[in-house]
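Subject: Structure for your review

Dear colleague,

Please find below the structure that I am handing over to you, with its sequence. My notes on it come after.

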Amino acid sequence: LMAALTLTGCGQEEKVQLDVISYNIRQGVADDGTNSWEYRKPATAAMLKDRHPDIFGVQEAYDFQIDYITGNLPEYESIGVGRDDGRQSGEHMSIFYNTASVKMLEWGTFWLSETPEVPSMGWDAACRRTATWALLEKEGKKFYYVNTHLDHVGKEAQKNGLALIVDRIAEINPEGYPMVLTGDFNVTPDDPVLDDLETKMLSARDNATETDHLGTFNGWGGSDSIIDYIWYSGFASCDDFETVRTQYGETPYISDHYPIHATLTF
């Protein structure tokens with residue numbers, strides 16, 4: 001007993017780790033033939049049960065896809081709104097959190113546009129784009145999480161949308177809590193759109209102890225490019241990063257994007 005007491009009393013704090021996933025789920029209303037949501041959804045539930053992250057952000061999710069996830073993984077709750085009306089309509093950039101390990105403190109959504117408080121299209125964007133943010137807590141450690149999906153067409157919308165996110169992060173986080181930013185950025189790692197972000201946050205892919213540099217957008221087998229990211233700041237380390245290419249069940253592709261996973265240490 002004395003030995004046990006000595007060991008626990010030597011000031012070595014338990015490492016608190018945060019498991020994060022970013023996943024472009026591919027909109028459930030798309031007619032993708034045998035790759036349609038109806039056929040893929042069991043693989044999504046299987047992947048999330050297998051990986052069991054503390055938090056994950058989805059892009060392109062419709063309300064019925066969100067309901068499917070929470071229905072199959074009841075330990076998760078989600079936050080986020082439809083980008084078209086600020087309520088249910090259209091794609092949600094939702095954040096899911098495991099209620100057993102993470103506590104939700106506050107959250108919000110803003111549009112990547114000149115009028116971020118209302119549903120709107122920004123600059124030269126082809127679609128309405130949003131970012132969902134949350135202040136959360138795990139084992140007494142507070143952190144912010146932002147999840148987004150940059151426009152796939154407008155270069156100004158990508159650049160200005162990301163700048164808006166970076167400014168908002170600074171604005172909502174005066175305490176300097178650790179921060180996670182995930183999303184489908186629709187740009188490859190060498191794109192100048194990322195230049196400013198690279199001065200403020202670290203890419204999990206580039207900074208993890210164990211990592212890969214595999215393509216994240218598969219286009220149902222027709223593509224192989226990196227456009228999905230997990231960024232972070234204020235964490236002690238990123239222990240691993242992985243492009244999740246595991247096949248779940250009989251489904252060849254879980255989505256037209258592979259999920260990406262990172263383990264961050266406070």
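Predicted model: local features only at pLDDT ≥ 70, side-chain atom pairs only at ≥ 80, totals over all residues.

Residues are numbered from 1 along each chain as its sequence is written, and side-chain values use heavy atoms, with hydrogens and water left out.

The sheet

Six strands make up an open sheet of mixed pairing, in the order β3-β4-β2-β1-β12-β11. Strands here are DSSP runs of E with at least two residues, and helices are runs of H or I with at least four residues, both numbered from the N terminus. Two strands are taken to pair if DSSP finds at least two bridges between them. At the edges stand β3 (76–79) and β11 (237–243), each of which pairs on one side only. From one strand to the next, the twist averages 20°; axes are lines fitted to C-alpha atoms, for helices over the stretch in contact, and angles run from 0 to 180 degrees between N-to-C directions.

Strands of a sheet pair through backbone hydrogen bonds, in either the parallel or the antiparallel sense. Both senses can be followed here. β1 and β2 are parallel, with five bridges, and isoleucine 21 has phenylalanine 56 in β2 as its bridge partner. β11 and β12 (residues 260–265) are antiparallel, with six bridges, and cysteine 238 stands opposite leucine 264 in β12.

Two helices are placed against these strands. Helix α2 (residues 37–51) packs on the sheet and touches β1 (17–24), β2 (55–59) and β11, with contact meaning heavy atoms within 4.5 Å. The direction of α2 makes about 165° with that of β1. Helix α3 (residues 63–72) lies across β2, β3 and β4 (95–98), and runs at about 5° to β4.

How enclosed is β2? Five of its five residues are buried, so β2 is largely enclosed by the rest of the structure. Buried stands for under 20% relative accessible area, exposed for over 50%, and partly exposed for values in between (1.4 Å probe, protein chains only). Ile55, Gly57 and Gln59 point one way from β2, while Phe56 and Val58 point the other way.

Aromatic rings

Rings of Phe, Tyr and Trp (its six-membered ring) count as a pair if their centres lie within 6.5 Å; planes under 30 degrees apart are stacked, over 60 edge-to-face, and the rest tilted. By this rule there are 11 aromatic pairs. In one of them, tyrosine 62 and phenylalanine 64 have ring centres 6.1 Å apart and planes at 35°, so the pair is tilted. Tyrosine 62 is buried at 18% relative accessibility, whereas phenylalanine 64 is partly exposed at 36%.

The rings of tryptophan 133 and tyrosine 144 are also tilted, because their planes stand at 45°, with the centres 6.2 Å apart. This pair links distant parts of the chain, as tryptophan 133 is in strand β6 (residues 130–138) and tyrosine 144 in strand β7 (residues 141–149), 11 residues apart. Tryptophan 133 is buried at 13%, and tyrosine 144 is buried at 4%. Ring pairs also join Phe143, Tyr232, Phe235 and Phe266 into a cluster.

Two arginines sit over rings, which requires NZ of Lys or CZ of Arg within 6 Å of the ring centre and within 35 degrees of the ring normal. Arginine 168 lies 4.7 Å from the ring centre of phenylalanine 110, and the charged end of arginine 205 is 5.3 Å from that of tyrosine 229.

Salt bridges

A salt bridge is a side-chain nitrogen of Lys or Arg within 4 Å of a carboxyl oxygen of Asp or Glu, and the count comes to 13. Lysine 138 and aspartate 54 meet at 3.0 Å, N to O. Lysine 138 lies in β6 and aspartate 54 in the loop between α2 and β2, so the pair ties together parts that are 84 residues apart in sequence. Lysine 138 is buried at 9% relative accessibility, as is aspartate 54 at 8%.

Arginine 245 and aspartate 224 form a salt bridge at 2.8 Å, N to O. Arginine 245 is partly exposed at 34%, whereas aspartate 224 is exposed at 55%. Asp50, Arg51 and Glu242 are linked in a network of salt bridges.

Yours sincerely
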